[in-house]
Amino acid sequence: MPPRKKAKSSALKSNKQSSANQSSQPSSFGIQQLFLRHIQNSQSTSSTHVSTAEPVDPENVNGLATNTGVLRPHNPPITLDEKPDESKDVDQQPTEASPEVSKNIKRFKFSPGMLIKPSQDDGGEEITWKISPVNERLRAAAKQIPKMMDLTEYSVGVKSSTIRPCSQQIVQKQCPTPVITSKVEQWLSSPSKKAFKRPAFAATRVVERVNPSPAADFEIVNTSSSGDSPFQTPPSLSCSHNKLPCTVTCSAACGFMGAGQHKKALLELLDQVEDVISVDDKTADDVRTVTPQVRVKDDNICSVVDSAVDGGPITLLKKHTSVNPDNHFLVLEVSEKRGSVGSSKVQCPYKVLRLLDEYTGKVCALYLWDEWFYSTVSPGDSINVIGDFDGDGKCDVDHQNNFLIVHPDTLIAGTKVAASFGCPRRTVLDERLRSNEHATAALLGTLLHQVFQAGLTQESPSVDSLQEYASIVIKKNIESLYACGVHEGDVKATILGAIPKMLNWIHNFRYSKDSRISNVDFGSTNGQKMIKISEVIDIEEMSWAPKYGLKGMIDASVRVIVESEMNTANEKIMPLEFKSGKAPSGQSSMEHSAQVILYTLLMSERYLKHIDNGLLYYLQSDQTQGISVQRSDLVGLIIRRNELANDILVASTTQQLPPMLRNPNMCRNCRHLDVCTIYHKADGGNTESSGLGDLFDTHVSHLSTLHFDFLRHWDRLIDLESREMQLLRNDIAHPHGSKGSHSASYLSSMVLDMKDGFQHHNAHKETRFIYRFVRQNSSETGERVPSEDTIRTGTPATDDLDCRLRTGDRVILRTEVSHLTVANGTIADISRTHVSVSLSKRLRLPWSEPSSEVSNLSHELWRIYKDEFMTSFSIMRFNLMQLFIQNERSIGIRKMIVDLEPPRFENGSILSQDPAISYIWSEKSLNNDQRQAILKILTAKDYALILGMPGTGKTSTMVHAVKALLIRGSSVLLASYTNSAVDNLLIKLKAQGIEFLRIGRDEAVHEEVRESCFSAMDMCSVDDIKTKLDQVKVVASTCLGINSPFLVNRRFDVCIIDEAGQIALPVSIGPLLFASTFVLVGDHYQLPPLVQSTEARENGMGISLFRRLSEAHPQAISVLQNQYRMCRGIMELSNALIYGDRLCCGSAEVANATLVLSTFSSTSSWLRKVLEPTRTVVFINTGFSLLTSCLFFT
C-alpha cells in the first residue's frame, strides 16, 4: 500500500513562524563553541569573569560535598511551608513552585498521547505549554494516572519491602565490597543541601531549552576548578533583568515528527507508565475528566485530584523514603524558571524536571543549574541521576554536584564522545552507517596495539618474543592487509622498528627498580608522580556502563603503584591508552585525554572503585602523559555525551542530522563527505547552507527529486524498524526495566557447568575459550541465590532452553544480579539443556582475585543475550546510500532500482555458438521451464528475475545456471539472507564438483562447506589470497556479510541472490554493488521480508526488491511452474488461493501420489474419512470436541 501521509504538527508550524521573526542563539552554543575557543586561545583569560564558587578541592573533583560553602544559583530563601508574597513584583520575587496553581495559568498534567504546543497567551516570564489530545483512550488513561498511582502506592511499597532486602543480600553475596560501592556513590554524588528547599513541581513545562536572547546581557562566571579545562560547558550565566523570550523552539524530535509518529512514541511511553502504575483500560474509559491541582500539605509535596468515583482526594506523592537503586527515571514535565545567584540577587535560569521513579512508582523533582540548564530534556525522555534525592524527593545538579544522564539506554563509545567535539554530524553518521573502508594507518595502529599488549602480558618480554608474536599478528590480519593493498613485509618492517621502544617503555614502567625513570606528569594539580605497573589486569577489556550511557574497549587495565614527591605510595587501578603516533596538540590531544577520562568512569563502574587517573602513551614520540580527572572535565564530557545521545535519537526518529560543519578545509577530507552532502540536500539544504560551495554541488548535482524522495522514504523505514528492535537492545542496557516480553532473545538463570572444567581449543588462527552453561535448576554445583526472574515473578525459570539463539550467534554475557556486562562471544553449541559460548579470552569477573576466580565464576548467575540486532541496520543504511554516490558502480544500480529503467537482454541469435547454451540444451535433467530460466540469465545485460514456485526446483536450476556461467568463463557471486540458504546451495554445488569460496564465520557455516572458508585455508601472505581469488570463480556470502575484506575491489560478472522475495530491499543492494549483472531468485507470493514494525510494514518495507522489479517489469521474469512436491489436489488448492492455475505437476507420478496410512477397525468413522488416500486435502475443525482433537493429533 502507498505510504500514509502524516499530519504536520501544529507545534512545528508555530515554531517555524516564530523562528522566522526571531534570531536565536545557535544550537552549537555550549561545549563545541568553548572547545573551539580553547583551541584558538587556551591561555586567554577575561578580567570580567567573576567567580561565584570557591576553588574545587582536588580531593573533591567528582562532586563530593564539602563544608566550603560553595555559592551557586538558588531560589529566594523561602521554604515550602511558607506562603510567597504574591504582591511583590515578579522581577524582584521569582515565583516559587507554589503548590497552588496560579489562576492566570491553566495547568495541565503531562500525559502520554498528548501533542505539546507552545502558548504565549498566559503572559508572565515562565514558559507555559498547552496540550492538545491525540487519542481519546490515551487521554482517558492519562487522567487516571494520578489516581492509579496512589492506589498502587501501597502495593509498590509492599513489593519494595519484600524484594529489596533479598536483593541486597544477593548483591552482598555476589560482590563482597559494600564499603567500596558506597565510596563510589559518595564520590560521584553529594547529599542535597537542606539549607533551603526547592520546589518539587513546576507550574510550567517546556520541551527544549530556551536559548538566551541575543539582546540580553550576560556575565560569564568561571566556576571551573581549573581555568584550562578543554571540556568546559557553558559557564553560569549571570543574567540581567532583561526577560528571557517567552517563545521556545520545539525540539527536533517533536518538531519534525508527524502526528502518527507522536502517537506511536507516546503510546510506547504510556506502556512504560502503565507497567508501573497498572492502568486498567476499562477503568480508564469510565473515568470522567478531572483537573489536577498541586498544593502543600504538612510540608509534603502532594497532588490532589478530585476522585471520579467517590469524590474524595487522592494523594499522588508523599515524602520520599526511598528511590530506585539505579536512579532511572521517566521525565513527566520540564519547566524553566529563574533564581538568584548567592547574595548578588542576580537572576539566572534553571530547569525543573518532574520525574517518575520507574522502580517505586513515585514522583520526584530534579533541578538543573549552571551549565546543566542547557541540557536538552523533554517529557517522555528516560534519564539517570547520579546523586541522592533528599527526603522531599528533590535533587540538584549543578557545576559542583551530581550528574544527569539523558537517554542512558543509548550506550555510546567513549571514543565517539571524544571525537564528537570536532563534528557531531560526523559522529552521528559513524553511529548510523557501517562503512567498509580499510585504511592502512588504522590497520598499522591495530597491529601495533596487539604487539604492545602482548609485551605487557608476557612474563619476560624480549625482542625475539615480540618479533615472533608480530608474525602471528600479521598472519591473523592477513585479509585486512589484502584489503588495504599493502604487503606483509612492509608492515612487518614497521612493527619490528617499533618493538625496541615498546620494550623500553615496558621495562621502565614495569620492571625497572629506578622509580625516577617512570616519572609522569599528571598536570598542575597533581604534579609529577612515579608510576610502576604491578599488574596487568586485562587487555581490550569490554566495559559497559548503562548508568552513564557509555561503553568502550580499554586498551589495558593496569594496577599501579603511585609514588608522590612526599615518598608516599598508593596502589591504584588505571586505564592505559596506547597511541601509535606522536603526541599531538590541539583538538586531537584533547580527544585523547577525553577518551581516557571517560574510561575512568567505565572502570569505576566496573571495578566498584574510585578511579580518577589514567595513562596515555604515545609510541612514536615515546611520551607518557598522566591524566587527572577533574570535576569540570567530567561535567563537560557527560553533557557532550548527552547531546550526542539526543542527536542520535533525533536522527533515528526524524532523520534530521546535526548541522554541517561548513568548513571546506576539514570537510574535504572527511570520510563521510559523500553521505553528508547527500543527506543535507535531501533535508532541504542547498549550496549556501552547506558552506562548501562547488564542493557540495559536485556531490549532489547528479541526483533528482525522485532520488531524494526514495532516500528519505527508505531511510525512515529503516529507522522505524530499528526502533522496534531497539526495545530488545534496551533489555541489555537497562535490565532492571526489562518486562520479560523479549525473553526469547536471551537466556536467564544460567550457571557454568563445572563438571568437565573449562575448555579451550585452537580455531585456525586463534585460541578460543569454551564455557558451558546450563540452567540453574539442572546444575549439580550446589545451592545458589535465586535469580532475578524468580524473584520478580515468583516462579523459577524452566529448564528447557527455549529461545531464538542459534549456533554461530553473537552473544553478550551479563551477570544476572549485579547486571554487569562481562564479555562477548559466539555460541559454539546449543541444545535444550545447555549452551556453549566461545570467547576470545578467559572469562573473569572484575572484582575477583586470581585465587578465587574459578569459585566466583561457578557461583555466579548469568544472562546470555543475543547481540546482533543493530548492526544490520547500519549496513542497510550504508547500502542505501551507495545508490546515490557518484561513481560508476552506483549509476547502473540506481537506474534499475530507483528509476526503474527496463532491463535489457541479448539477441538470441548472437548466442547460437555459445557453449553455455549448448550445455543447457544437452542437460537432460532440466525441464523446459528451467532451461528457459537459465537462458534468461545468460541473455541478461542488466538483470533477470526467476519466479520459483513451491517445489519447482529453484536450487537445481541455480546449480546448472552457475555451471553454464562457468563454462562461459564468468565469475559468480552467490548470496542469500541466511547462512543456511547459502550453504544449501553450496552443498549441491559441491556435489557437482564445483570449487567455491565461502565468506563467513566458522561458527555460522555448515560443516560440509567449512573447509571452503578462508579461515580453514593456510593463507600466509597477501599474494596467497590474490592467487586463490583469481583461481576460484564462485564466491558465496550472506547479504549482510558481503563487506568482507576479501571482497574489497573485487568485481563479479554475475550476482545471484536466492530467496530474494524474503529479503528487504536495502539488504539486497549490498551484493548487487559487486556485479555487472544480477539475478534475483524467489517467490514474492510466499513469505515477504520479516518486518517487526507495523508502521514500517504498512509503508512498504515488506516490499522486497524482487517484488518491486517484478511488478515494474514483468517481462524480466522467467517462471518455474512445474513442481515435484505436491500431488494434484494439494496443488489445486495452492492455485486457487495464490497462483491462479499457473502451478503444474511435473509428472503424472507426482500428480497421482498418495500417502497410505494404516487404520484400525475401532477408529471413528470421521477419522477414517480423513485418512482416506483419495481425499488429498481435508480441513478439520479440531476445536469442536476436546476428545476428537486429542485423538486426531495423537
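1. Helix H11 (residues 440–457) packs with helix H12 (residues 463–476) at an angle of about 140 degrees, and their axes are 10 Å apart. The model is a predicted one. Angles over 145 degrees count as roughly antiparallel, and H11 and H12 are therefore oblique to each other. The crossing in which H11 passes H12 is right-handed.

2. On the H11 side, the contact is made by Leu 447, Gln 450, Val 451, Ala 454 and Gly 455. H12 contributes Leu 466, Tyr 469, Ala 470 and Val 473. Sorted by class, the contact of H11 with H12 has seven nonpolar and two polar residues, with no charged residues.

3. Asn 384 sits in strand E12, which covers residues 382–386. Is this residue buried or exposed? Its relative accessible area is 4%, and buried means under 20%, so Asn 384 is buried.

4. What does the side chain of Asn 384 contact? It makes a polar contact with the side chain of His 328, at 2.9 Å.

5. Of its 1194 residues, 54% count as buried. Among the contacts with a separation of 6 or more, 72% are accounted for by residues 24 or more positions apart.

Technical notes. Residues are numbered from 1 along each chain as its sequence is written. This is a predicted model: local features need pLDDT of at least 70, side-chain atom pairs count only at pLDDT 80 or more; totals for chains, interfaces and linings use all residues. Side-chain values use heavy atoms; hydrogens and water are left out. Helices (H or I, at least four residues) and strands (E, at least two) are DSSP runs, numbered from the N terminus. Buried means under 20% relative accessible area, exposed over 50%, partly exposed in between (1.4 Å probe, protein chains only). A polar contact is a pair of N or O atoms within 3.5 Å; within protein, one must be able to donate a hydrogen and the other to accept it, and residues adjacent in sequence count only if both atoms are side-chain atoms. Axes are lines fitted to C-alpha atoms, for helices over the stretch in contact, and angles run from 0 to 180 degrees between N-to-C directions. Angles under 35 degrees count as roughly parallel, over 145 as roughly antiparallel, 65 to 115 as roughly perpendicular and the rest as oblique. A crossing is left-handed if the near helix is turned anticlockwise from the far one by less than a right angle, and right-handed if clockwise. Contact means heavy atoms within 4.5 Å. Ala, Val, Leu, Ile, Met, Phe, Trp, Tyr, Cys and Pro count as nonpolar, Asp, Glu, Lys and Arg as charged, and the others, Gly among them, as polar.
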